[in-house]
Amino acid sequence: MKKSKIVIVVQCRYRSTRLPGKALLPFVDNMSILEFLLRRLLLVKKIDDIILTTGKHKSNKPIIEISNKLNIKVIEGNEKNVLKRFCDAARFSNADIIVRVCADNPLTDPFLISELINFFVSKKDIDHLSTFKKLSLPYGSGCAIFSRKALFLTSLKSKNDLFSKEHVEPFMLKSNLIKTHYYKKKGFLHFPDLRLSIDYLKDYEFLKPIVSYLYNKKKFNFRTQDVISLIKKPKVALFANGEFGLMVTKFLKSNNIDIVCVITHPDINAKKKKEIIDASKLDKKKIIDYKQLKKNQRWINKFEPSIALSCWSSYIFNDEMINKFPLGVYNFHNSLLPTHGGSGANIWAIIDKKKTGATMHRISTKIDAGPIIDQRQIQYTFLDTGYSLLKKQHKKMLMLLKNNWQKILVNKHTYLNSNHTRSFIKKKIRDKFKQINLNKKYKAIDFINILRAYQFSNKDSSFFQDKKKLWNLHIKITKRKT
């Protein structure tokens with residue numbers, strides 16, 4: 001019996017609508033997304049050829065150059081008629097079985113493809129194998145496999161169907177003339193909630209550090225289960241301080257989330273340090289303050305954390321530190337970023353008479369300026385002080401963590417476009433209005449708001465100086481009965 005010729009056909013073009021040029025974005029070890037994918041596909045067993053299909057447009061020239069460098073054949077055709085390009089590739093290679101791979105999916109698993117090919121060949125009664133419809137595997141880790149007969153029948157029946165021309169498989173999935181098998185995987189690899197595809201910028205930012213981390217360990221040989229292990233068993237480096245840091249520590253421990261190390265503030269400006277350490281239940285060897293960490297960033301490497309949470313921490317992350325966490329670094333801020341970034345957002349919301357809330361964002365090297373994951377407004381009234389508003393913000397920030405923890409792990413989160421005006425308060429000007437000038441005229445509303453803003457129970461308040469004595473100012477506001 002004649003052996004079936006099996007060919008991988010990769011579809012790729014530069015002018016993708018959602019993230020143009022993504023195939024050429026830098027990915028790992030000086031490779032673009034496309035080059036990384038193609039080099040991985042060269043590991044697939046029992047294939048006869050790999051062909052890249054792209055559109056006839058000058059923007060695709062760099063894509064063709066990458067393929068040529070790897071001695072991978074290229075078929076050029078209509079930009080939007082992907083189906084015809086697949087037929088051209090099948091004719092050119094005389095393929096009996098076509099493995100469809102999309103360049104949107106750089107984590108397509110070559111070892112999994114080999115298994116899927118074996119499965120398809122062993123099932124004589126199927127024409128089409130789908131891993132994307134009726135998901136079982138992580139989205140973007142598998143492929144589609146179909147027979148030459150199924151491909152050309154689809155082309156014949158889809159002459160007037162623009163959607164099928166662009167997406168290849170819709171007719172196969174719905175037609176009674178083609179027998180489709182929906183591949184199901186049980187056990188560890190069953191993880192349909194995980195997205196490993198690049199459609200938007202946040203997908204790229206999610207996958208790039210994961211690939212870098214696994215590539216440094218195993219080069220091209222890492223598998224889908226290695227990715228899943230990172231996601232299902234996240235190891236948290238917790239940068240924690242104050243009441244909110246303690247709240248997050250307790251939340252993680254109560255949900256059996258693995259805290260592998262804790263980074264506190266130095267004693268001179270730490271708050272709730274002992275309580276945080278006690279709540280973490282970690283050995284002292286796994287605790288460090290951020291002043292010590294700045295001197296030795298490699299200290300954190302021995303714990304192999306996969307994700308970092310910055311919870312009321314003043315530690316400033318540089319690129320070296322950010323790159324240590326394949327699942328990213330996330331910060332929580334008590335404001336509607338980018339308004340009132342920096343210090344004392346609860347104070348300045350009252351003084352400026354502006355809306356406030358809480359924000360969760362992915363950290364970049366710019367302070368309080370990374371992409372926003374979630375953001376919620378907080379209602380406050382004249383009864384609120386800086387202290388009571390801060391407690392509301394803490395509660396809302398913890399809610400953001402609870403609501404988005406699973407989403408950020410499986411790439412189901414979104415980025416928000418905030419319409420708030422950017423402002424930033426440096427720590428040294430946070431208390432700019434705290435001392436009342438007895439010789440200055442204040443508007444009544446401004447004076448009341450200053451007293452409210454700086455009032456933190458009996459612990460702190462605004463003040464004035466009379467001769468050599470300092471006097472604290474407290475305000476009590478109650479709603480008047482009518």
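Which residues is threonine 131 in contact with, leaving aside its neighbours within four places in sequence? The first view answers this. The model is predicted: local features need pLDDT of at least 70, side-chain atom pairs count only at pLDDT 80 or more, and totals for chains, interfaces and linings use all residues. Residues are numbered from 1 along each chain as its sequence is written, and side-chain values use heavy atoms, without hydrogens and water.

**View A. Threonine 131 lies in the loop between β7 (128-130) and β8.** Strands (E, at least two residues) and helices (H or I, at least four) are DSSP runs, numbered from the N terminus. Threonine 131 is in contact with Leu116, Leu137, Gly142, Cys143 and Tyr183. Contact means heavy atoms within 4.5 Å. The side chain of threonine 131 reaches the backbone oxygen of cysteine 143 at 2.8 Å. Threonine 131 counts as buried, at 4% relative accessibility. Buried means under 20% relative accessible area, exposed over 50%, partly exposed in between (1.4 Å probe, protein chains only).

**View B. Threonine 356 sits in strand β16 (residues 356-362).** Threonine 356 is buried, with a relative accessible area of 1%. Its side chain makes a polar contact of 3.0 Å with the side chain of glutamine 393. A polar contact is a pair of N or O atoms within 3.5 Å; within protein, one must be able to donate a hydrogen and the other to accept it, and residues adjacent in sequence count only if both atoms are side-chain atoms.

**View C. Helix α5 (residues 148-157) has buried residues Ala150, Leu151, Leu153 and Thr154.** The buried residues of α5 pack against α3 (82-93), β6 (97-102), β8 (144-147) and α7 (170-174).
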